[in-house]
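Trainee: Could you walk me through reading salt bridges in a model like this one?

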Amino acid sequence: MPDSVALDPVDLHLLRLLQNDARTTYRDLAAQVGVAPSTCLDRVARLRRAGVILGHRLELDPAKMGRGLQALLLVQVRPHRRELVGPFVDRIRALPESRTVFHLTGPDDYLVHVAVADMTDLQRLVLDEFTSQREVARVETRLIFQQWECGPLLPPAAPAPSPAAARAATP
């Protein structure tokens, strides 16, 4: 697992702003953060090179794209062997209905977020693309009534020192 990257307050402020609106111009970012536009550009480029910023994406409303029904599919694969994992994940990721695929621990091997037109389309997807695969032992479906995005992903705050450590650090 790659090591985390040291981020200072300016980096964190830039990341917060970009996560809320990735289309913000460097000039506007620089003004909001209080640095020169060239500094802002350099910092964002460094964050990209370091792998902190992975990319930018366009979000579409599935309902407005004709896929108003979303579901989570819990999938068990048997046998759960390495040589099946790659091809299974590749096949599922290639489906236009697939939004996200998670490889899990526990009784289910995968959690697949899908967006489909309606219940008939969901049934077709489950029967034709999942349970028809020899390695798929079971699929459980959970309909999504509503979903909320969460706030920006920022590094955890440094732990507060214990009272004893704070007293020891005081001269």
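Predicted model: local features only at pLDDT ≥ 70, side-chain atom pairs only at ≥ 80, totals over all residues.

Trainee: What counts as a salt bridge, and how many does a search of the whole structure find?

Mentor: You look for a Lys or Arg side-chain nitrogen within 4 Å of a carboxyl oxygen of Asp or Glu. Searching the whole structure that way turns up 14 salt bridges.

Trainee: Which residue does Arg-43 pair with?

Mentor: Its partner is Asp-8, with the closest N and O atoms 2.8 Å apart. Arg-43 sits in helix H3 (residues 37-49) while Asp-8 is in the segment before helix H1 (9-20), so this pair ties together parts 35 residues apart in sequence. There's also a network of salt bridges here, linking Asp-8, Asp-11, Arg-43 and Arg-46.

Trainee: How far apart are the closest N and O atoms in the Arg-81 and Glu-83 pair?

Mentor: For that salt bridge the separation is 2.4 Å. For Lys-64 and Asp-61, which also form a salt bridge, the closest N and O atoms are 3.8 Å apart.

Trainee: Is Lys-64 buried or exposed?

Mentor: Exposed means over 50% relative accessible area, and Lys-64 has 72%, so it is exposed.

Conventions: Residues numbered from 1 in each chain as written. Heavy atoms only, no water. Helix = DSSP H or I, 4+ residues; strand = E, 2+ residues; numbered from the N terminus. Buried < 20%, exposed > 50% of the residue type's maximum accessible area, 1.4 Å probe, protein only.
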